[in-house]
Amino acid sequence: MEGSNKFTFTVPMAIVVAGVMIAGAIYLSNGNTRQTANVSNTQAIQTFDFTIAPVTEKDYIRGNPNASVVMIEYSDTECPFCKQYHSTVKNLINTLGKDGKFAWVYRNFPILQRHPKAQKEAEALLCAGKLGGQNAFWNYTDKIYEITPANDGLDPKQLPIIAKEVGLDVAAFNACVASGEMAPRVKAESEEASGNGGGGTPYSVLVASKTFDKKEVESFLSQAIVKYKFPADFFIIGNDNQKIGISGSMPEQFLSDLITLLAK
């Protein structure tokens, strides 16, 4: 790729779990569409030099920050696949997070061409975190994914109602959202996602605490591509042998197996 941190290919937005390949057009953040029906599952898995910002105390994280595998998810609160994925990753935190194997970082990636409401919702999440810390952020995030119909179906009037439900000062919350002070962070997180292989949502980067055996990981992903009928370009392996980019709402068992492999 001649030293560039941009891909020469595009990454699809999301997949339906349970091993079903999407047929038809997939929306991409650059406004293009592509068909997945003719994608070969035997093509080579791409590699890439990720430039992901390190996880710090400013991030919103579930689980031990020093976990064997940290998943950074870039998500859109109005994306139906993200709504599904949110429940999947919560289950993984309950099963793999308790022993320090897995942690989850949430960063924003609203696809504004599809979901204009997702911008203010992303800012609302961050305002909840500013006012109430980690617990308020995650409680607010859980609730918004629980109640939104997705595809821009959430009434904006629900945002302060959720804030009250999770114990926030509603006046301070409304002032934070109205000010737009969180917009630059949403923009930075979105640009980080798109600059590191994210063509749509949900997009995740698994970061292992130690280098993995690239051939072993390639073999695992190749088998999964066949088993679940994933297009190969849903995956990117970091050249540092510590990161894997994943496009789409993945099956829970696949993620569990991959995390366990990276954590060993």
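View 1. Exposed means over 50% relative accessible area, buried under 20%, and partly exposed in between (1.4 Å probe, protein chains only). The model is predicted: local features need pLDDT of at least 70, side-chain atom pairs count only at pLDDT 80 or more, and totals for chains, interfaces and linings use all residues. Residues are numbered from 1 along each chain as its sequence is written, and side-chain values use heavy atoms, leaving out hydrogens and water.

**View 2. The buried face of α6.** V217, L221, A224, I225 and Y228 are the buried residues of α6. Seen down the helix axis, they fall within an arc of 105 degrees, so they line one face. The arc is that of the directions from the axis to the C-beta atoms. These buried residues pack against β8 (235–238), β9 (243–247) and α7 (252–263). Helices (H or I, at least four residues) and strands (E, at least two) are DSSP runs, numbered from the N terminus.

**View 3. The two ends of α6.** At the start, a side-chain oxygen of D213 reaches to within 3.0 Å of the backbone nitrogen of K215. After the helix comes K229, with a positive phi near 60 degrees.

**View 4. E189 in helix α5.** E189 is found in α5 (residues 183–195). E189 is buried, with a relative accessible area of 8%. Not counting residues up to four places away in sequence, E189 touches Y74, R107 and N108. Contact means heavy atoms within 4.5 Å.

Methods
A polar contact is a pair of N or O atoms within 3.5 Å; within protein, one must be able to donate a hydrogen and the other to accept it, and residues adjacent in sequence count only if both atoms are side-chain atoms.
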